[in-house]
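This report covers salt bridges, core, helix geometry and surface, in that order. Keep the structure in view while reading.

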Amino acid sequence: MAELYEKLTCGKEPTYGDYQALLEHGEHFLLEPGDALFLPRRVFHVGTQDTFSVSVAMPLYTYPYAKLLQSRIIPDVLAELAGDGPDDPLNEPSEMAGPTAGPTAGAERLADVGRELLHVATDRVRAEARRPAEQRWATLRSNGGRQRW
């Protein structure tokens, strides 16, 4: 379903209510009073009513924290911290070890730089975690169905 949404909208961004062109490609279900509809996670959906109605939406799943950190937060934090200019200390060329030194010295220096980078990143992750948490909270409050996690 996600692939179809991306194909029809030319990307992953939400449509923010401009979904008319998508309706002809979707499945249609007519619900009667008392019916329940289960939507698997990450399924784009639109609900319309002909008359006044009341509905209740309950999320039965959440996005795993580890996946959220892996897919959005940590890559962004590390990209920001790694720097992008030649004057950034983390972008200094690695030292070339002599042919008899073996890989140990290079591996140790790489590990040291990684530890330093991750130490600084721990503080940044806390600040970056607020953005997707606020997005999720807005989605739940609005029942908008435009989940971006």
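R115 forms a salt bridge with D112, and their closest N and O atoms are 2.5 Å apart. The model is a predicted one. Both residues sit in helix α4, three residues apart, or about one turn of the helix. D112 counts as partly exposed, because its relative accessibility is 34%.

In total, the structure holds five salt bridges.

| R115 and D112 | 2.5 Å | three residues |

An α-helix has 3.6 residues a turn, so residues three or four places apart point the same way.

R131 is partly exposed, at 31% relative accessibility. E128 is partly exposed as well, with a relative accessible area of 23%. E134 counts as partly exposed at 44%. R130 counts as exposed, because its relative accessibility is 56% and the cut-off is over 50%. R131 and E128 also belong to a network of salt bridges, which links them with D76.

**Fold and core**

The secondary structure comes to four helices and zero strands. Along the sequence the pattern is α-α-α-α. Of the 149 residues in the protein, 11% are buried. Take the contacts between residues at least 6 apart in sequence: 52% of them join residues at least 24 apart.

Which residues make up the largest nonpolar core? Seven do: Y63, L68, I73, V77, L81, L117 and A121. Helices α3 and α4 (104-142) each supply at least two residues of this core. The largest share, four residues, comes from α3.

**Helix α3 and its kink**

A kink of about 40° lies at I73, shortly before the proline P75. I73 is a core residue too. What does I73 contact, leaving aside its neighbours within four places in sequence? The partners are L68, V125, E128, A129 and P132.

**Loops and surface**

The accessible surface of the protein comes to about 12500 Å². Carbon and sulfur atoms account for 56% of that surface. F29, L31 and L37 make a nonpolar surface patch of about 310 Å². L37 lies in the loop between α2 (20-23) and α3 (65-82). L37 is partly exposed, because its relative accessible area is 43%.

C10 lies in another part of the chain, in the loop between α1 (2-9) and α2. C10 has a positive phi of about 60°, although it is not a glycine. Is C10 buried or exposed? C10 counts as exposed, at 75% relative accessibility.

Definitions and conventions. Residues numbered from 1 in each chain as written. Predicted model: local features only at pLDDT ≥ 70, side-chain atom pairs only at ≥ 80, totals over all residues. Heavy atoms only, no water. Patch = residues over 30% accessible without salt bridge, like charges linked within 9 Å, V, L, I, M, F, W, Y side chains within 5 Å. Areas by Shrake-Rupley, 256 points an atom, 1.4 Å probe, with all protein chains shown as cover. Salt bridge = Lys/Arg side-chain N within 4 Å of Asp/Glu carboxyl O. Buried < 20%, exposed > 50% of the residue type's maximum accessible area, 1.4 Å probe, protein only. Bend = angle between axes of the 7 residues up to and from the residue. Contact = heavy atoms within 4.5 Å. Core = buried A, V, L, I, M, F, W, Y, C linked by side-chain atoms within 4.5 Å.
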